[in-house]
Amino acid sequence: MNSKKWRLNMPDKNYEPKIVAFFCNWCTYTASDLAGVSRLKYAPNVKVIRIMCSGRVDPQFILQAFASGADGVLIGGCHPGDCHYSEGNYKMLRRFRLLKRMLHSLGIDDERFRLEWISASEGEKVKTVINDMVEKLKVLGPLSIPKQINILDEELKEISEEHSEPLTAREELSHV
Ligand code: FES
């Protein structure tokens with residue numbers, strides 16, 4: 001095994017997962033505020049991004065979060081039927097199902113991408129969901145996509161250096 005990959009997979013007992021959370025302004029963001037005001041303790045591993053509606057979450061935001069080093073992405077929206085923009089959360093649910101399949105096929109564990117309906121009064125649920133996700137991600141360990149991209153880049157660089165001599169047309173055609 002490549003020594004760089006081996007180092008990447010070493011267990012780290014001090015590992016703290018990084019979660020990017022997209023919370024709808026009207027429900028889950030308000031609930032996270034309520035959790036704070038009520039002094040409910042949840043793990044500090046989450047960076048919350050406030051959006052007006054869960055339907056505003058573009059698939060690109062999720063891929064970008066993982067590519068930038070997130071170990072997990074959490075989306076919080078209003079319960080079905082309660083979206084302030086009528087159908088935003090249904091749109092998110094459809095995108096979520098598609099993205100989940102895509103991420104799964106890329107080898108990203110299902111636990112790393114989560115969608116939860118949390119209303120403004122459910123501060124306790126915010127705490128429970130975040131703490132649960134942190135515990136599950138600790139078991140899975142770091143995703144480290146930026147490091148893996150660097151390893152891939154180095155491997156590609158080595159390959160291109162090894163093959164810097166262009167093949168002749170005869171050599172090229174001998175492989176056909
Ligand atoms: S307004 Fe909350 S999910 Fe649409």
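1. Isoleucine 75 in this predicted model has contacts that reach across the chain: leaving aside residues up to four places away in sequence, Ile75 touches Phe22, Ser54, Val57, Met92, Phe96 and Leu115. Ile75 is also, with Cys24 and Val73, one of the residues that touch the most other members of the largest nonpolar core, which holds 39 residues.

2. That core draws two or more residues from each of β1 (19–24), α2 (28–37), β2 (46–51), α3 (59–67), β3 (72–77), α4 (88–105), β4 (113–117) and α5 (123–140). For the chain as a whole, 32% of the 176 residues are buried. Among contacts with a separation of 6 or more, 82% are between residues 24 or more positions apart.

3. The chain has seven helices and four strands. Their order along the sequence is α-β-α-β-α-β-α-β-α-α-α. Within this pattern, β3, α4 and β4 form a β-α-β unit that is right-handed.

4. The pairing of β3 with β4 is parallel and is made by five bridges.

5. β4 deserves a separate remark. Because five of its five residues are buried, β4 is largely enclosed by the rest of the structure. Phe113, Leu115 and Trp117 point to one side of the strand, while Arg114 and Glu116 point to the other.

6. Which residues of α5 are buried? They are Gly123, Val126, Val129, Ile130, Met133, Val134 and Leu137. These residues lie on the same side of α5, because the arc they cover around the axis is only 130 degrees. The spacing follows a general rule: an α-helix has 3.6 residues a turn, so residues three or four places apart point the same way.

7. The two faces of α5 can be described in turn. Cover for the buried residues of α5 comes from elements that include β1, α2, β2, β3 and β4. On the face turned away from the buried side are the exposed residues Glu135 and Val139. Just after α5, glycine 141 adopts a positive phi of about 85 degrees.

Technical notes. Residues numbered from 1 in each chain as written. Predicted model: local features only at pLDDT ≥ 70, side-chain atom pairs only at ≥ 80, totals over all residues. Buried ≥ 20, exposed ≤ 12 C-beta atoms within 10 Å, placed from the backbone. Contact = placed C-beta atoms within 7 Å. Core = buried A, V, L, I, M, F, W, Y, C linked by C-beta atoms within 7 Å. Pairing = 2+ DSSP bridges. Right-handed = clockwise from strand over helix to strand, strands pointing away. Arc of directions from axis to C-beta.
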